[in-house]
Amino acid sequence: MNTLDTAGTFTLGDRKVRRMGYGAMQLAGAGVFGPPRDREAAVAVLRAAVQAGVNHIDTSDFYGPHVTNQIIKEALHPYADDLVIVTKIGARRDETGDWLPAMSAAELASAVQDNLRNLGLEAMDVVNLRIMGSGDGHGPSEGSIAEPLSALIDLKKRGLVRHIGLSTVTPTQIAEAQAMTEIVCVQNLYNLAHREDDAMVADLAKAGIAYVPYFPLGGFTPLQSEALSEVAAELEATPMQVALAWLLQRSPNLLLIPGTSSVAHLTENLKAADLVLSAESVASLECIGEGRIVAEEGSQVQ
């Protein structure tokens, strides 16, 4: 049996995808800006992911910018029939690599066109509207998202976008969006140490909506805790494999997109689908999310 088969599948839009996917953020250069140090290695990891059974790739044209999508096209185009590529819009990069909001109708339309051009697609399977949120770029903040969402809905009507998702949003914003259009996924910061969205995960699961945790391993500073290390040692696994396995067991609507620029690390991540955590292990890990152990996050926007 393929390792990824043990993790199961979930519906994303109108497609079934394996719950272990791949996030392309780390294929760009340092700070998710500019080209990678080793482009051939970046191509190799994408091909290895698809060969291993991954059929859900998360990306954005503001990674690089443009670089990551261009590498995806080089590595995988023409795409396999079952491959679902998800992008996000709502931000841009300046000449120094800073992340800036880009939420006007013109900017959102341009972003979708950039994604289509650089990926070599006629329509995007799923586009997430990325709300820049709080000052650190990770936490959501309240406020109406109707105006930018209306622009994205218009792009869907034009046939450039098949399905719409949201990123870095609150329950109130999700409800506002659902009153306007179908929402097929939500992508927020969530991992063992950051579990503010526990109730949201459960609510979305009941509605059959995918939740895609970004920074599932803590971001560019990996999750670190004694409890995590102890469970990993007991299972003869790595702490990061255990962190991914916990997410897979947490809820059936969680779709994981761990990123890496290394084939060896990719293989290690995918093996997390084989891990089964006991009730005792889960109880030990739960304390991480209760604030007893705090994980430090990187500063990049996902």
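Me: Start with strand S1. Which side chains point to one face and are buried, and which point to the other?
Reply: In S1 (residues 9-12) the side chains alternate. Phe 10 and Leu 12 share one face and are buried. Buried means under 20% relative accessible area, exposed over 50%, partly exposed in between (1.4 Å probe, protein chains only). Strands (E, at least two residues) and helices (H or I, at least four) are DSSP runs, numbered from the N terminus.

Me: Before we go on, what kind of model is this?
Reply: This is a predicted model: local features need pLDDT of at least 70, side-chain atom pairs count only at pLDDT 80 or more, and totals for chains, interfaces and linings use all residues. Residues are numbered from 1 along each chain as its sequence is written, and side-chain values use heavy atoms, with hydrogens and water left out.

Me: Back to S1. How many bridges join it to S2?
Reply: 4 bridges, and the two strands run antiparallel. S2 covers residues 15-18. Two strands pair if DSSP finds at least two bridges between them. Leu 12 has Arg 15 as its bridge partner in S2.

Me: What about the turn? Which residue there has a positive phi?
Reply: Gly 13, at about 70°. S1 and S2 form a hairpin with 2 residues between them.

Me: New topic: the sheet. What is the strand order?
Reply: S3-S4-S5-S8-S9-S10-S11, an open sheet of 7 strands with parallel pairing. The edge strands are S3 (22-23) and S11 (210-211), each pairing on one side only.

Me: What joins S3 to S4?
Reply: 2 bridges, with the strands running parallel. S4 spans residues 56-58. Tyr 22 stands opposite Ile 57 in S4.

Me: Which residues touch the most other members of the largest nonpolar core?
Reply: Met 20, Tyr 22, Leu 46, Ile 72, Val 242 and Leu 285, out of 81 residues. Helix H8 (residues 239-250) gives the most to this core, with 8 residues. A second, separate core has 12 residues, including Val 84 and Cys 185. A nonpolar core is a set of buried Ala, Val, Leu, Ile, Met, Phe, Trp, Tyr and Cys residues joined through side-chain atoms within 4.5 Å.

Me: Now Lys 88: buried or exposed?
Reply: Lys 88 is buried, because its relative accessible area is 1%. Lys 88 lies in strand S5 (residues 84-89).

Me: Which side chain does the Lys 88 side chain contact?
Reply: That of Tyr 63, in a polar contact at 3.0 Å. A polar contact is a pair of N or O atoms within 3.5 Å; within protein, one must be able to donate a hydrogen and the other to accept it, and residues adjacent in sequence count only if both atoms are side-chain atoms.

Me: And how many disulfides?
Reply: The count is 0 disulfides, taking a disulfide as a pair of cysteine sulfur atoms within 2.5 Å.
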